[in-house]
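Good morning, and thank you for making time for this presentation. Please have the sequence and the model open as we proceed.

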Amino acid sequence: MPHDAVLRNCRHLLCSVAALFLVAAGSLAVFAADPGQSNAADVVAASFDREVRPILAKHCAECHSGTDAELGLLLSSATDVLTGSKRGPVVTPGKAAESLLLQVMSEDADPHMPPDGQLSEAEVAVVTRWIDALDATTTIGTPKVTEQDRSHWSFRPVERPATPTVVDSAWARTPIDQFILAKLDEVGIGPSAEADRPTLLRRLYLDLIGLPPSPDEVAEFISDEAPDAYERVVERLLASPRYGERWGRHWLDLARYADSAGFHNDLDRPNAWRYRDYVIASFNNDKPYAHFIREQLAGDELPDPTLENWIATGFGRNGPSNDDNMGMGLEREKYRLDELDGVISTTSNVFLGLTLGCARCHDHKYDPLSQRDYYRFLAYFNNAENKQLELSSFRPEVPTLLAADPKSRTAATVMVLTDRDAKPRTTRVLWRGDVRSPGPIVEAGVPEVFSTELSSSASLAPPSHRLALADWIADDDNPLTWRVMVNRIWQHHFGRGLVSTPSNFGRLGESPTHPELLDWLADELRRSGGSTKSLHRLIVTSAVYRQSSNATGSGQAIDPDNRLLWRMNKRRLEAEPLRDAFLTVSGNLNLAIGGAGVKPRIRPDLLVASQRNKWPVVEREAAEHWRRSVYVYVKRQLQ
């Protein structure tokens, strides 16, 4: 398309936006002056016809009326104006400053509407007042969030249910068992017998530390007749440094951890392992979950941030990157936004169980998440940049930050995500997610489906900072955070979560099989101060966890998928603990903790698939290669 045609179309859009604001402005003025109107929609329409239509007919009707209206934006009625164009809405009710229509009416706007003139200050003031007075739930081209949306099970507040009364109360060891047994009673299935002691011990070891027990440990447990023998094993395993290695691995998978960048050159990340070691140490130290969240999303914004806080921000640096081929101009900006999209999608998936990334280009097709919600979420991260933190001379008050250019990386740096400067970038909605189609300016904020009044104590962080977002996610009253985390822990103990879609608590996700138990556990995690070890202890000491995996006739007939947990699920051992088990039983496992990833022997025919950042040829392995699998170098081109 010729350049002048592009400008003309752009001007038409801006003119349409300006016209929309005029309509809104006129509607508002009449509404305020005419309280006798019985219906707000009638007031809007009447004020439009009386005050706004003449203005739009004079300035905009040539391009925005009839079947061939520019960008599909009609300006002949209030309904048409509030519907917006094919590219989206042009008004944000209650927020004139965020509305594209008002923004393009500014004298210094580029593009500017109308293209060949300037609305008077009085006209602009009318538009501004009208938009600011609109109800924030007014529909403008996208469905508003309804009470029905907010009533979805995962968006409702977590409330602690009463522990149910069951017939066979003697079987229950913890309140968990009463919730499970109540469901079994309803369908007439009895729980399975307890597994034998060798099976129980092996289950405990593999679940909590990812390593098998030795023959001596099995024999000792079998011969220990003390009533607390099982509980003492649980405490010993939870106190083991191997526990953090096992459960840290689960988190690293969620956080997209790898030691290389992927894509064409698969650049080495020589200090990525510092984030991995941070995660392992956090689980070993039973770090409160809320603090774990805050460190990873905004460790650099915490008061007096420590080196550990800075390293934690590597959460936002773990995704694949192509830093040596980012392009220039718009391509470079697109690359930056693509990387931030990975951060947004991971943050919403991991902590909230939401697929917010689906709203980047359009409103979510299934969940009450709008495109505006996506870009408001983006605004929290939009000022952040990838940096390298120099470790050798780290001082909390003056941290030395280097560019993220691969050439600047040294052995004494760590990848961090931090703000580039005090002045934040302006965040705009991008129609269809296209950097070339900027829409209205938006401010940082959480999705509209949630109440913004979650915190019992308001965040001290500025509302546009990542710490404000982290505080909202970590808040005790957040309806998703605690449910999502307890479900993930349950999943790794039973092979399936109470919600079988652990990263999707939206409408397309599965409903919980035991909703009351899910909320009871979420409340327990909150009450414990976010202690994951307390939750593990509660789960593995329960009778339902200690069941045999053998099937019974009645259970198989009524609940063949074992969704009600009338027996223990049989589970396959993942590749990493399987390798660790081989090394353990052979007596060759190297239990050294932390440090750079090791590169054990790989079949030579696999190495040809990785021509960059090459894996070394190892003819014969030695003790240095026999570390736990969590310490093996994760190379994306070999995944």
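Rings of Phe, Tyr and Trp (its six-membered ring) pair if their centres lie within 6.5 Å, and planes under 30 degrees apart count as stacked, over 60 as edge-to-face and the rest as tilted. One of the pairs is formed by Tyr 289 and Trp 482, which are edge-to-face, at 5.9 Å centre to centre and with 75° between the planes. This pair links distant parts of the chain, since Tyr 289 belongs to helix α13 (residues 289–298) and Trp 482 to helix α18 (residues 481–494), 193 residues apart.

A word on the basis of these values. This is a predicted model, in which local features need pLDDT of at least 70 and side-chain atom pairs count only at pLDDT 80 or more, while totals for chains, interfaces and linings use all residues. Residues are numbered from 1 along each chain as its sequence is written, and side-chain values use heavy atoms, with hydrogens and water left out.

Helices (H or I, at least four residues) and strands (E, at least two) are DSSP runs, numbered from the N terminus. Axes are lines fitted to C-alpha atoms, for helices over the stretch in contact, and angles run from 0 to 180 degrees between N-to-C directions.

Let us stay with α13. Helix α12 (residues 273–284) packs against α13 at an angle of about 165°, with the axes 11 Å apart. That makes α12 roughly antiparallel to α13; angles under 35 degrees count as roughly parallel, over 145 as roughly antiparallel, 65 to 115 as roughly perpendicular and the rest as oblique. In contact terms (heavy atoms within 4.5 Å), Tyr 275, Tyr 278, Val 279, Ser 282 and Phe 283 of α12 meet Phe 292, Glu 295 and Gln 296 of α13. By class, this contact of α12 with α13 has five nonpolar, two polar and one charged residues. Here Ala, Val, Leu, Ile, Met, Phe, Trp, Tyr, Cys and Pro count as nonpolar, Asp, Glu, Lys and Arg as charged, and the others, Gly among them, as polar.

The next helix pair is α8 (residues 197–208) with α9 (residues 215–223), whose axes lie 9 Å apart at an angle of about 125°. The two are therefore oblique to each other. Arg 197, Pro 198, Leu 201 and Tyr 205 of α8 make the contact with Glu 217, Val 218, Phe 221 and Ile 222 of α9. The classes here are six nonpolar, no polar and two charged residues.

For helix α10 (residues 229–238) and helix α20 (residues 532–540), the axes come within 11 Å and cross at roughly 150°. That makes α10 roughly antiparallel to α20. Tyr 230, Val 234, Glu 235 and Leu 238 in α10 meet Lys 533, His 536, Arg 537 and Val 540 in α20. This contact of α10 with α20 has four nonpolar, one polar and three charged residues.

Finally, the sheet. Three strands form an open sheet in the order β2-β1-β3, with antiparallel pairing; two strands pair if DSSP finds at least two bridges between them. The edge strands, β2 (401–403) and β3 (413–419), each pair on one side only. Strand β1 (residues 384–390) is joined to β3 by seven bridges, and to β2 by three bridges. In β3, Leu 417 is the bridge partner of Asn 386, and Thr 418 that of Glu 385. Lys 387 stands opposite Ala 403 in β2.
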